[in-house]
Amino acid sequence: MDESLQRKIEEVIGSINKINLLDEQGWTSEVRRIFTGDRSYLLKSSYKEKYRTWLKAEAQVLKILNKKKIISVPEYYGFIEGKDSDHLIMSFEDGMTLTAALTKATSSTERKSLIRSFGQFLHQFHEKEPLEILKGEGDWLEGQLIKAQSYVENGQTGGSIKLLNHLKTKKPTPVIQTMIHGDCTTDNVFVINGEVQLFIDIAGMTVGDPRYDESLAIRKFMDNPEYLTAFYEGYTRYRVTKEEFFYFDEGVYEFF
Ligand SMILES: Nc1ncnc2c1ncn2[C@@H]1O[C@H](COP(=O)(O)OP(=O)(O)O)[C@@H](O)[C@H]1O
Ligand SMILES: [Mg+2]
């Protein structure tokens, strides 16, 4: 890490003893654990323009949520804007992603219990009264399709214009909007003491279509009826149809 960045980080958290690159890296960022005398922090850095925009959004949402204390997320410490990169400092949480926990689990009973707790956690989140401050302007899905269009035009996505046009004409019947995580895969929820207890990677957290979260949540075990059952023992508020699942998982998600 270059000296000027290290100095800026130290202005926020005090003098640094040690820096470790994490084994489990993200898709859009580089993550490091930073140790000071008394505790540790997570430094999340992004370099590409698209991902820097997301990191900035994540910093803003984290900051807002830290004031509210209604949704379980890491603590916000600071955001550093550099010339070629941006850096978000948050609390380092002891635990692991649900993806890692499922890999590590030694029995299908344990896996089902983890997945059930994911369902429960997401259920409780979607049932909460939406925070006014998280509401974006206009319709969430419309906004996502506009963003997708700009990603296509600027060559920033693998999704095709043909798929996008299809999604525009085949919008699902609207449902009541709720708070959503916005990238609710097993990679972005954290397991602590055997249960999903925390959201990470929250750049997309806003008020939107809960079927998007639900579809991304189940994408990893869509073809495993036992795991799906476990998820829906926890998530009892709604069950996406096959069409809705494909619209969101293999449709909208392709562009992000
Ligand atoms: N607050 C945190 N505490 C501990 N580990 C974290 C924290 N935030 C992220 N991580 C780790 O860093 C990885 C990447 O973080 P994430 O925010 O999901 O990045 P990306 O946007 O690149 O997917 C996660 O899979 C997790 O292992
Ligand atoms: Mg992630």
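Which residues does serine 215 touch, not counting residues up to four places away in sequence? Serine 215 touches Val240, Glu244, Phe245, Phe248 and Asp249, where contact means heavy atoms within 4.5 Å. Before the tour goes on, a word on the model: it is predicted, with local features needing pLDDT of at least 70 and side-chain atom pairs counting only at pLDDT 80 or more, while totals for chains, interfaces and linings use all residues. Residues are numbered from 1 along each chain as its sequence is written, chains are lettered from A and ligands numbered from 1 in the order in which they are written, and side-chain values use heavy atoms, leaving out hydrogens and water.

Serine 215 lies in helix 7; helices (H or I, at least four residues) and strands (E, at least two) are DSSP runs, numbered from the N terminus. This serine 215 is buried, with a relative accessible area of 0%. Buried means under 20% relative accessible area, exposed over 50%, and partly exposed in between (1.4 Å probe, protein chains only). In helix 7, nine of its nine residues are buried, including Tyr212 and Ile218. They pack against helix 4, helix 5 (140-153), strand 7 (178-180), strand 10 (206-208), helix 8 and helix 9 (242-251).

Take helix 4 as one of these partners. The axes of helix 4 and helix 7 come within 11 Å and cross at roughly 170°. Axes are lines fitted to C-alpha atoms, for helices over the stretch in contact, and angles run from 0 to 180 degrees between N-to-C directions. Helix 4 and helix 7 are therefore roughly antiparallel to each other, a label for angles over 145 degrees, with under 35 counting as roughly parallel, 65 to 115 as roughly perpendicular and the rest as oblique. Phe118, Leu122, Phe125 and His126 of helix 4 meet Pro210, Asp213, Glu214 and Ala217 of helix 7.

Aspartate 183 lies in the loop between strand 7 and strand 8.

| Residue | Contacts (within 4.5 Å) |
|---|---|
| Serine 215 | Val240, Glu244, Phe245, Phe248, Asp249 |
| Aspartate 183 | Asn188, Asp201, Asp213, Leu216, Tyr253 |
| Methionine 205 | Val61, Leu65, Ile71, Phe125, Leu134, Ile180, His181, Phe199 |

**The nonpolar cores**

A nonpolar core is a set of buried Ala, Val, Leu, Ile, Met, Phe, Trp, Tyr and Cys residues joined through side-chain atoms within 4.5 Å. The largest one has 46 residues, and Met205 is among those that touch the most other members. Helix 4 gives the largest share, six residues. Both domain 1 (3-91) and domain 2 (96-255) contribute, so this core lies between them; the domain bounds come from an automatic or database domain assignment. Apart from it lies another core, of 14 residues, among them Leu145, Leu164, Tyr247 and Phe248.

Five strands form an open sheet in the order 1-2-3-5-4, with antiparallel pairing; two strands pair if DSSP finds at least two bridges between them. At the edges are strand 1 (16-21) and strand 4 (76-81), each pairing on one side only. From one strand to the next, the twist averages 20°. Helix 2 packs on the sheet by touching strand 3, strand 4 and strand 5, and its direction makes about 30° with that of strand 5. Strand 2 (residues 30-36) and strand 3 (residues 40-46) pair over six bridges, and phenylalanine 35 stands opposite serine 40 in strand 3.
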